[in-house]
Amino acid sequence: MTRSSRIVPFDLQDWNAAPPSQPGASPIDELERGKVLYFPKLAFTLSPAELALLDPALVDPKRKNISLNATTGVLTGVVVDDARKDAIAALVRRYYTSTRALLSHLVPGYLDSLHKPTTSLRLHRIGTWKPSWRKDDTRLHVDAFPSRPTGEQRILRVFNNINPHGQSRQWRVGQDFESLAQRFVPGATPFRPSLAWLMHRLHITKTRRSAYDHLMLQMHDRMKADADYQANGEQEAFEFPPGSTWICFSDQTPHAAMTGQFMLEQTYMMPLTAMAHPELSPQHVLARQAGMGSRA
Ligand SMILES: [Fe+2]
């Protein structure tokens, strides 16, 4: 395995077990420093019937992925008969349950604070579409959503490569958030509370954007638009082979998905207050660097 400063490997093969203790920082400390926790042997095994569901034709052409809201049970993005829909829902829900089990051992202090679980089944090959530069996730970025402000919440994601043909998922992983912000915060346009109020009023955003949301969106856009940063910014390439799992705070860890097909991804939102080191959060780093008096 390639040694990496941003990827921290763990020897674990069972979703329902605790990882063996290993020297160095704890999983929570590594995650909160923006590292990627990597489990090269933690496979999510599909049955033959489930393998037959790995077909991009099952995805609604109007949507990028199939998603399950585990709280409401609503499955979106599927255009097939009810039997296969139920089978997909069961597969996706099993992944959600597995990630909860994993996190209960790995980061037990987070478990009660994780909310808004969304599970995504990604069947398309990366590069099937040519999106606009702003939506192009082959460019290094941190996650920030234009219509869904995150405010005082973090974005925790658990990925698994379920490719049945031996194809890895290739990522690029960028630098720590503190130095990233030093590059992209200067020159950002100021936050305008009246504009944030109006955008919410007009339902352009689901909730009102905070100064933090405004800055994060600019970081996201300025990173993707900066060709020099994309080519020469601090970064490392990493391959996640089939049968591997990886976890990061995607609002903190710069990432770009370069190649791959067939992946499961679990997103959780988590309040800052659940962190062991909230001072490492993007919210606190940006408040310090942008000189914002509060994190509102
Ligand atoms: Fe992303």
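In this predicted model, an iron ion is coordinated by His141 (NE2), Asp143 (OD) and His255 (NE2), at 2.2 Å. Along the chain, these donors follow the spacing H-x1-D-x111-H. Asp143 and His255 link distant parts of the chain, 112 residues apart. Asp143 lies in the loop between strand 5 (115-122) and strand 6 (153-161). His255 belongs to strand 10 (residues 255-259). Both Asp143 and His255 are buried.

Asp143 also takes part in a network of salt bridges, together with Arg122, Arg157 and Glu265. Glu265 has a relative accessible area of 2%, so it counts as buried.

The whole structure contains 16 salt bridges. Side chains of opposite charge can pair when their charged atoms come close. Arg183 forms a salt bridge with Asp226, with the closest N and O atoms 3.5 Å apart. Arg183 sits in helix 4 (residues 177-184), and Asp226 in the loop between helix 6 and helix 7 (227-232), 43 residues apart. Arg183 forms a salt bridge with Asp228 as well, the closest N and O atoms being 3.3 Å apart. Asp228 is in helix 7, 45 residues from Arg183. Arg183 is partly exposed, at 36% relative accessibility. Asp226 is partly exposed at 22%, and Asp228 is partly exposed at 44%.

The largest nonpolar core has 47 residues. Ile88, Leu103, Tyr110, Leu121 and Ile247 have the most contacts inside it. Elements giving two or more residues to this core include helix 1 (27-32), strand 2 (36-39), strand 9 (245-249) and strand 11 (263-271). Helix 3 gives the most, with eight residues. Leu121 touches residues including Asn65, Ile66, Ile88, Leu91 and Val92. Ile162, Met263 and Leu264 are also among the contacts of Leu121, not counting residues up to four places away in sequence.

Leu195, Trp197, Leu198, Leu202 and Ile204 make a nonpolar surface patch of about 450 Å². Leu202 is placed in the loop between helix 5 (193-201) and helix 6 (211-225). Leu202 counts as exposed because its relative accessible area is 52%, and the cut-off for exposed is over 50%.

Notes
Residues are numbered from 1 along each chain as its sequence is written. This is a predicted model: local features need pLDDT of at least 70, side-chain atom pairs count only at pLDDT 80 or more; totals for chains, interfaces and linings use all residues. Side-chain values use heavy atoms; hydrogens and water are left out. Patches are made of residues with over 30% relative accessible area and no salt bridge: like charges are joined within 9 Å, nonpolar side chains (Val, Leu, Ile, Met, Phe, Trp, Tyr) within 5 Å. Accessible areas come from the Shrake-Rupley method with a 1.4 Å probe; for residues, only the protein chains shown count as cover. A salt bridge is a side-chain nitrogen of Lys or Arg within 4 Å of a carboxyl oxygen of Asp or Glu. Helices (H or I, at least four residues) and strands (E, at least two) are DSSP runs, numbered from the N terminus. Buried means under 20% relative accessible area, exposed over 50%, partly exposed in between (1.4 Å probe, protein chains only). Donors are N, O and S atoms within 2.8 Å of the metal (3.2 Å for Na, K and Ca); water is not among the atoms, so sites may look incomplete. A nonpolar core is a set of buried Ala, Val, Leu, Ile, Met, Phe, Trp, Tyr and Cys residues joined through side-chain atoms within 4.5 Å. Contact means heavy atoms within 4.5 Å.
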